[in-house]
Amino acid sequence: MIKEIIRQNIAETLQTLELSQDREYTVEVPNNPDFGDFSTNAAMVLAKENKMAPKALAEALIKGLKKNKFYKKLEIAGPGFINFHLSPSLFQNMLWYIHEQGAQYAASDMGKGEKILLEFVSANPTGPLNIVSARAAAFGDTLYRVMKYVGFDPAREFYINDAGNQVDILAESLELRLRELHGERIGEFPFEAYHGEYVKHLAQRLNALEGVKVFMMTEKDRMDHLKEFALSELLEMQRLSLEKFDVVFDGWVSEKTLRAEGVVEEVLSYLTEANCTYEKEDAIWFRSTDYGDDKDRVLMKSDGSITYFVPDLAYHLTKIQRGYTSLIDIFGPDHHGYVPRLKAAFKALKYDDEMLEIIYLQQVNLFESGERVKMSKRAGKIVTMDDLVNEVGKDAARYFFLARKASAHLNFDLELALQQNNENPVYYCQYAHARICSIVKKAKKDRILPKTYKKELIQKLNKPEELALIRKMTDLPGLLEMVALHREPHRLATYAEELCSLFHRYYNKFQVVNPRSKDLSKARLLLIDTVRMSLALVLDLMGISAPEKM
RNA sequence: GCGCCAGUAGCUCAGUAGGAUAGAGCAGCAGCCUUCUAAGCUGCGGGUCAGGGGUUCGAAUCCCUUCUGGCGUGCCA
């Protein structure tokens, strides 16, 4: 907010001075407080094109900028930085603005309504969701919330791989468990089959519903039936897991449905028309190496079935047809070999492959008592998303998943997530919120809390700690734009901690509610209630609750 | 072998997209509750930003290279 004001002010001043400003300069917060509240490198960056010495340019700029009453002091420093020392009245007015705007104060129209499709989780519907899916869910959902807040028109989609090899294996696994249930000896459970306990539960459930009816069908009917049953059950299970995590999707797109609609054939014909397919060893290949992939890819296998790639490409094309101009896929750590062929297909079909953006989430390691929790998918020994959420709760889980940037491996400390003290950042932030609520309640009881605040109160707020809190709040709009633009939700966590730290410090140093000085109390109530609103907003964007009492 | 990601304090990680003296939490030590929630606060140490080169007024940040770790490299999805 303030940054933009300063930037605009500089631009106007440069214009009045008839100086060129073609190069990008920065306005930022210096890490040394002696250098003021903000500083700019404009004079240094623009010196060359204006054929002036940086310091001379800086001096001219300062002279022009001095007309603004919000600047307490302007100075040249170092090789030509201009340091801005702002007057308290600027911060006070900002507080009033934020108070008036409420929870919309940090919103913007930066996104200009651009239609963005966020695809995430998209797990195989062959088992419970794992913790990487949970990370993807938290990440994708929060990115969605922030993008929407800053003016994009985003949508969340889940692509269901309910056709193909893996679901066949699922049906076979279920059949084996079913036979087992009926006392048949099935020998050793096949290596590639699904070993998880949930398959046994599915078998029990189906058996309770239908008994031996299943075995009276023809083999093909039975497999279709088992497939359908398992898919609908597991999909519902996944949907519930996500719902418990406060993640809902705007669309669930089924691969099976896409295939039934004939889009697979369509994509194959597009690629053939584009002259980039060939036949080899009874299979049809896509010459993706022409478009930057490291090897050609099979589209249709020698047994006549289609690879995963084709319907997935078709799905991506439907996104474009539906008017999305930016397609963001959030993938797990094991998919980066897959992306070049998708991009290659975009290029082959004359779509701009820049539209397609892939975010890779790195893996999640669980730690308990300092030990890494070992998981084995084959033995069916995995910690699921539900296990995790049940153990540490939605708030802690979402917080921890969001606290690290996507490209970093995430070490999830289960004990830390459960701790209820200052070591646990989730509680640290929620506690700040509850604490403010408690103060407000106390003020109400003491009959100090006003129904509406009077603007004159802001003049009472001039302690450095108070101005620091206001300034932190003014950082939020810019931060949210940054989060959306660079797809970095983890910054919300850092921000929340910083804001809370400032508040806790303030709380320990100053008394907010003091019956002997009512106006000061009211002014401080205005301040902390605005902080509360600001914090609640950030927590809401993260999908974390803001409790009024703890 | 090739490709992608990462390497910052003892540990877990930030670092406002190239800025001035690199930050926080934890762990360690010493303090703060008859006053609005001590799930909090204050103070003290701690660094070859993996190593080396380059780009420029200026590099943890950009480029090249080496090392270390993770992942990928199916007619699986």
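Select helix α14 (residues 394-402) and helix α16 (residues 425-445) in this predicted model. They pack at an angle of about 115°, with axes 9 Å apart. That makes α14 roughly perpendicular to α16, a label for angles of 65 to 115 degrees. Their crossing is right-handed, meaning the near helix is turned clockwise from the far one by less than a right angle. Axes are lines fitted to C-alpha atoms, for helices over the stretch in contact, and angles run from 0 to 180 degrees between N-to-C directions. Helices are DSSP runs of H or I with at least four residues, strands are runs of E with at least two, and both are numbered from the N terminus.

Residues are numbered from 1 along each chain as its sequence is written, and chains are lettered from A in the order in which they are written. Local features need pLDDT of at least 70, side-chain atom pairs count only at pLDDT 80 or more, and totals for chains, interfaces and linings use all residues.

Next, colour chain A by domain: domain 1 (2-86), domain 2 (165-244) and domain 3 (422-541). The bounds come from an automatic or database domain assignment. The centres of domain 1 and domain 3, over C-alpha atoms, are 31 Å apart.

Now go to the second largest pocket. Both domain 1 and domain 3 give residues to its lining, so the pocket lies between them. A pocket is an open set of points on a 1 Å grid over the protein atoms alone, where a 1.4 Å probe fits, with protein on both sides within 12 Å along at least five of seven lines; lining residues have an atom within 4 Å of a point. Its volume is about 1200 Å³, the space filled by probe spheres set on the points.

Show Lys-3, Val-29, Phe-38, Arg-471 and Asp-475, which lie nearest the centre among 39 lining residues. α17 gives the largest share, 13 residues.

Finish on α4 and α17, whose axes come within 9 Å and cross at roughly 55°. That makes α4 oblique to α17.

How values were computed:
Side-chain values use heavy atoms; hydrogens and water are left out. Angles under 35 degrees count as roughly parallel, over 145 as roughly antiparallel, 65 to 115 as roughly perpendicular and the rest as oblique.
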